[in-house]
Amino acid sequence: MGGVAMPPLLLGTYSPKIDAKGRLALPAKFRSQLGEGMVMARGQERCIYLLPASEFRRIAMQIQRTSMGNKAARDYLRVFLSGAVDTAPDKQGRILVPQMLRDYAHLGNEIVVIGVGTRAEIWDAEAWNEYLAAQEQGYSDIADDVLPEWEW
């Protein structure tokens with residue numbers, strides 16, 4: 001079957017272990033959708049983004065097109081790209097989260113990996129639970145602003 005490959009649709013919340021060396025076992029569903037080549041980068045709200053290499057390139061190109069005349073976009077691009085690393089799972093399906101990114105996301109022993117459509121996010125478990133609790137408060141209110149009018 002030819003044509004353009006569909007982008008991944010990563011869903012759900014997982015709590016894999018992260019070892020002392022910073023390796024974590026990616027959920028099998030995520031591994032198959034992210035593919036062999038992945039990029040890890042600093043995300044928003046002090047999490048780590050994990051994207052298929054093709055999706056990372058698409059985002060970087062989009063920001064670059066904006067960045068020439070826009071200082072905020074240039075600043076964002078520098079931080080985004082300077083903190084990005086290529087990664088691929090080992091034979092056990094683990095990926096290494098570099099110390100720089102573990103420090104950025106304040107990762108402790110307990111972590112959460114969530115699916116956010118075309119990317120996964122790696123969070124410190126406590127930080128994720130606090131973030132989620134804060135967001136759930138306004139979840140139904142936000143829906144009116146974010147979602148187009150749907151036929152449910």
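What percentage of the 152 residues in the protein is buried? Buried residues make up 37% of them, where buried means under 20% relative accessible area with a 1.4 Å probe and protein chains only. What you have here is a predicted model, in which local features need pLDDT of at least 70, side-chain atom pairs count only at pLDDT 80 or more, and totals for chains, interfaces and linings use all residues. Residues are numbered from 1 along each chain as its sequence is written, and side-chain values use heavy atoms, leaving out hydrogens and water.

Let's start with the overall fold. The protein has five helices and eight strands, taken as DSSP runs (H or I of at least four residues for helices, E of at least two for strands) numbered from the N terminus. Read from that end, the order is β-β-α-β-β-α-α-β-β-α-β-β-α. The radius of gyration, 17 Å, is close to the 15 Å that the globule rule gives for 152 residues, so the protein is as compact as a globular protein of that length; the radius is taken over C-alpha atoms, and the rule is 2.2 Å times the number of residues to the power 0.38.

Now zoom in on Asp124, which sits in strand β8, residues 119-124. Asp124 is buried yet has no salt bridge, and the nearest side chain of opposite charge, Arg102, is 11 Å away. A salt bridge would need a side-chain nitrogen of Lys or Arg within 4 Å of a carboxyl oxygen of Asp or Glu; Lys and Arg count as positive, Asp and Glu as negative, with His and the chain ends not counted. The Asp124 side chain does reach the backbone nitrogen of Gly108, at 3.1 Å, and one of its polar atoms lies 3.2 Å from the backbone nitrogen of Glu126.

Note on methods
Buried < 20%, exposed > 50% of the residue type's maximum accessible area, 1.4 Å probe, protein only. Polar contact = N/O pair within 3.5 Å; in protein donor to acceptor, adjacent residues only side chain to side chain.
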